[in-house]
Structures are given as C-alpha cells and as structure tokens.
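Open your viewer and get the selection tool ready. This tour goes from one stop to the next, and each stop tells you what to select.

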Amino acid sequence: MAIASWNVRGLNNEIALRQGRLFTKNYKPDFLFLMETKLSEGKVNEMCNKLGFDKGIEVPRIGIGGGLMTLWRD
C-alpha cells in the first residue's frame with residue numbers, strides 16, 4: 001500500500017491539478033492526503049474523478065484558506 005501527503009496550495013488551479021494527475025500517475029498512491037486544497041464544500045467527488053480515486057472525504061476551506069481532503073482506492 002502506497003500512502004502520500006501533498007500540500008497542494010490550491011486545487012482550483014489548473015497547474016496544481018495537472019501536477020496532481022502526474023503525481024498519481026507516476027507514484028500510484030492508494031491513499032492520498034491533501035492539505036491547503038482551498039476548495040469549497042462538495043468538491044470531493046470531482047477530485048476523486050479527476051485524480052483517479054474511488055472515494056474520499058473533505059474538510060472544506062474556511063474563508064479563502066485551508067481545506068483538507070483524503071482520497072483512496074478501494
């Protein structure tokens with residue numbers, strides 16, 4: 001089982017999303033913990049689909065900063 005943690009500094013940025021796809025393609029983590037997503041509530045399913053994970057949970061941002069997300073494969 002591969003586990004990874006990444007301080008993304010904003011997943012609503014196309015460059016960060018592209019880096020995330022490349023990271024998950026190269027390292028194939030089964031479990032990914034994301035910090036500083038800066039995403040509003042309700043984005044976990046979208047990120048699962050975009051990054052290739054089955055399930056996830058999120059803690060939305062407060063104001064314009066923060067946000068946590070954990071994604072995993074079954």
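**Stop 1**

Start with Lys55, which counts as partly exposed at 43% relative accessibility. Keep in mind that this model is predicted.

Which residue forms a salt bridge with Lys55? Select Asp74. The closest N and O atoms of the two are 3.8 Å apart. Now look at where the partners sit. Lys55 is in strand β3, residues 55-59. Asp74 lies in the segment after β4 (68-72). The pair is 19 residues apart and links distant parts of the chain. Asp74 has a relative accessibility of 69%. The cut-off for exposed is over 50%, so Asp74 counts as exposed.

**Stop 2: along helix α2**

Next, select helix α2, residues 44-51. Show the side chains of Lys50 and Glu46. They meet in a salt bridge, with 2.9 Å from N to O. How many residues apart are Lys50 and Glu46 in the helix? They are 4 apart, so about one helical turn separates them.

Check how open they are. Lys50 is partly exposed, at 33% relative accessibility. Glu46 is partly exposed too, with a relative accessible area of 32%.

**Stop 3: Arg21 and Glu14**

Move to Arg21 and show Glu14 with it. Their side chains meet in a salt bridge, at 3.9 Å from N to O. A salt bridge needs the nitrogen within 4 Å of the oxygen, so this pair qualifies. Buried, exposed or partly exposed: what is Arg21? Arg21 counts as partly exposed, at 35% relative accessibility. Glu14 has a relative accessible area of 46% and is partly exposed as well.

The count for the model comes to 4 salt bridges.

**Stop 4: two helices together**

Now select helix α1, residues 14-27, along with α2. Two packed helices are described by the angle between their axes and the distance between the axes. Here the angle is about 55 degrees, and the axes are 9 Å apart. That makes α1 oblique to α2.

Which residues make the contact? On α1, pick Leu17, Gly20, Arg21 and Thr24. On α2, pick Met47, Lys50 and Leu51. Color them by type: 3 are nonpolar, 2 polar and 2 charged.

Two of these names have come up before. Arg21 was in the salt bridge with Glu14, and Lys50 was in the one with Glu46.

Note on methods. Residues numbered from 1 in each chain as written. Predicted model: local features only at pLDDT ≥ 70, side-chain atom pairs only at ≥ 80, totals over all residues. Heavy atoms only, no water. Buried < 20%, exposed > 50% of the residue type's maximum accessible area, 1.4 Å probe, protein only. Axes fitted to C-alpha atoms, helices over the stretch in contact; angles between N-to-C directions. Parallel < 35°, antiparallel > 145°, perpendicular 65-115°, else oblique. Contact = heavy atoms within 4.5 Å. Nonpolar A, V, L, I, M, F, W, Y, C, P; charged D, E, K, R; others polar.
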